[in-house]
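Here is a short report on side-chain contacts. It covers aromatic pairs and charged pairs in turn.

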Amino acid sequence: MTKILIVDDERDVELLFRQKFRKEVRSGLLELAFAFSGDEALRLLDSEHPPEVVYVFSDINMPGMTGLELLDRVKSQFPTINVSMISAYGDTENYKKAMESGAKEFFTKPIDFDSLRKEIGKVINQE
C-alpha cells in the first residue's frame, strides 16, 4: 500500500481527496493522510521511522510555514519522499521556486485529478 500525505490549510480538501480516490483507497492501493499545516505535516512524517509516506502533496499558500518552506524541510530531512506542490495561482515564480527546490510536479487549483492519478501511479509503480 502506498501512503500519501496531503497538506492544505483548507479542511474541505480532505473530503475532496477522499471522494476522488475512494476506489484506490477501498482496493488497498492507497492510504491517504492529511495535515492542515506544514508543522503538522512534519510532525506526522517525524512520528514514523522510517516514514511510511512516499508522496507529499502540499498547498503553497498556507499560514505559518508555506508549502515552499515545507518542501525544503521535507527534501532535507526525508530526501526519498517525493513532493508535489499545489497552488491556486499558476504563477511562474512559485513554479520556478518549487521545481528548483526539488518538487516532482506542480499542480494548479482546481486540481486536475486525472493528472494527479497518473502522477501517483508513477510513484506506485516505482516501489
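Phenylalanine 21 is buried, at a relative accessible area of 1%. Buried means under 20% relative accessible area, exposed over 50%, and partly exposed in between (1.4 Å probe, protein chains only). This is a predicted model: local features need pLDDT of at least 70, side-chain atom pairs count only at pLDDT 80 or more, and totals for chains, interfaces and linings use all residues. Residues are numbered from 1 along each chain as its sequence is written, and side-chain values use heavy atoms, with hydrogens and water left out.

**Aromatic pairs**

The whole structure holds 6 aromatic pairs. Rings of Phe, Tyr and Trp (its six-membered ring) pair if their centres lie within 6.5 Å; planes under 30 degrees apart are stacked, over 60 edge-to-face, and the rest tilted. Phenylalanine 21 and phenylalanine 113 have ring centres 5.9 Å apart and planes at 65 degrees, so their pair is edge-to-face. Phenylalanine 21 sits in the loop between α1 and α2, phenylalanine 113 in helix α6, 92 residues apart. Helices (H or I, at least four residues) and strands (E, at least two) are DSSP runs, numbered from the N terminus. Phenylalanine 113 is buried too, at 9%. Phe17, Phe21 and Phe113 make up one aromatic cluster.

Tyrosine 55 and phenylalanine 57 are stacked, with 4.4 Å between centres and 5 degrees between planes. Tyrosine 55 is buried at 0% relative accessible area. Phenylalanine 57 is also buried at 0%.

**Charged pairs**

A search of the whole structure gives 12 salt bridges. Each is a side-chain nitrogen of Lys or Arg within 4 Å of a carboxyl oxygen of Asp or Glu.

| Aspartate 8 | Lysine 109 | 3.1 Å |

Aspartate 8 is buried at 4%. Lysine 109 is partly exposed at 24%.

Glutamate 24 is in helix α2 (residues 22–26) and arginine 117 in helix α6, so their bridge ties together parts 93 residues apart in sequence. Glutamate 24 is buried at 15%, whereas arginine 117 is partly exposed at 29%.

Lysine 104 is partly exposed at 27%. Glutamate 119 is buried at 4%. Elsewhere, salt bridges with shared partners join Lys3, Glu31, Glu48 and Glu52 into one network.
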